[in-house]
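Subject: Structure handover

Hello,

Here is the structure I promised to pass on. Please open it next to this note. My findings follow below.

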Amino acid sequence: IYNLLFCHFQAGYIYIFYNSYKMSDKTHLSVKILSAIGESYALMEGSKNLKKAINRILPKLGEASSVDRVYVFRNYYNADREFCMTYLDEWCREGIS
């Protein structure tokens, strides 16, 4: 079973959803995740290229969360007002295929 971190972009905000099946020390993990989120925010604020910033952020979030994969999706409504989700990017821990 994999640990997953999902990041959704919607209306200019990033929503992070974390799902884990093998967490042992939740408090320590929470501190690492919050620290990585802070670093990620600083990277995004200081970057002129969002794609490059995301490529630097995903490993930070994945490693801090002790997950195997991090996915990034963009949520939006299409012309027919149907909710849609588009896959944007992914980070995968070394050794995971």
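The count of salt bridges comes to 4. A salt bridge here is a side-chain nitrogen of Lys or Arg within 4 Å of a carboxyl oxygen of Asp or Glu. Side chains of opposite charge can pair when their charged atoms come close.

Before the details, a word on the basis. This is a predicted model, where local features need pLDDT of at least 70, side-chain atom pairs count only at pLDDT 80 or more, and totals for chains, interfaces and linings use all residues. Residues are numbered from 1 along each chain as its sequence is written, and side-chain values use heavy atoms, with hydrogens and water left out.

Salt bridges

Take Lys-60 and Glu-39, one of the pairs. Their side chains meet in a salt bridge at 3.2 Å, N to O. Lys-60 sits in helix H2 (residues 50-65) and Glu-39 in helix H1 (residues 26-45), so the pair links distant parts of the chain, 21 residues apart. Helices (H or I, at least four residues) and strands (E, at least two) are DSSP runs, numbered from the N terminus. Lys-60 is partly exposed, with a relative accessible area of 30%. Glu-39 is partly exposed too, at 37%. The cut-offs: buried means under 20% relative accessible area, exposed over 50%, and partly exposed in between (1.4 Å probe, protein chains only).

Asp-89 pairs with Lys-51. The closest N and O atoms of this salt bridge are 2.9 Å apart. Asp-89 lies in strand S4 (residues 83-92) and Lys-51 in helix H2, so the pair ties together parts that are 38 residues apart in sequence. Asp-89 is buried, at 11% relative accessibility. Lys-51 is partly exposed, at 46%.

Arg-93 forms a salt bridge with Asp-68, with the closest N and O atoms 4.0 Å apart. Arg-93 is in the segment after S4, while Asp-68 is in the loop between H2 and strand S3 (69-77). The two are 25 residues apart. Arg-93 is partly exposed, at 26%, whereas Asp-68 is buried, at 7%.

Cysteines

How many disulfides are there? The count is 0. A disulfide is a pair of cysteine sulfur atoms within 2.5 Å. Cys-84 is buried, with a relative accessible area of 17%. Cys-92 is partly exposed, at 26%.

Strands S3 and S4

S3 and S4 pair in the antiparallel sense over 9 bridges. Two strands pair if DSSP finds at least two bridges between them. Phe-73 has Tyr-87 in S4 as its bridge partner. The two strands form a hairpin with 5 residues between them. In the turn, Arg-81 has a positive phi of about 65°.

Surface patch

Tyr-77, Phe-83 and Met-85 form a nonpolar patch on the surface. Together they have about 330 Å² of accessible area, by the Shrake-Rupley method with a 1.4 Å probe, where only the protein chains shown count as cover for residues. Patch members have over 30% relative accessible area and no salt bridge; like charges are joined within 9 Å, and nonpolar side chains (Val, Leu, Ile, Met, Phe, Trp, Tyr) within 5 Å. Tyr-77 lies in strand S3 and is partly exposed, at 44%.

Ser-65

Buried or exposed? Ser-65 is buried, with a relative accessible area of 1%. Its place is in helix H2. A polar atom of the Ser-65 side chain lies 2.7 Å from the backbone oxygen of Leu-61.

Best wishes

Note on methods:
A polar contact is a pair of N or O atoms within 3.5 Å; within protein, one must be able to donate a hydrogen and the other to accept it, and residues adjacent in sequence count only if both atoms are side-chain atoms.
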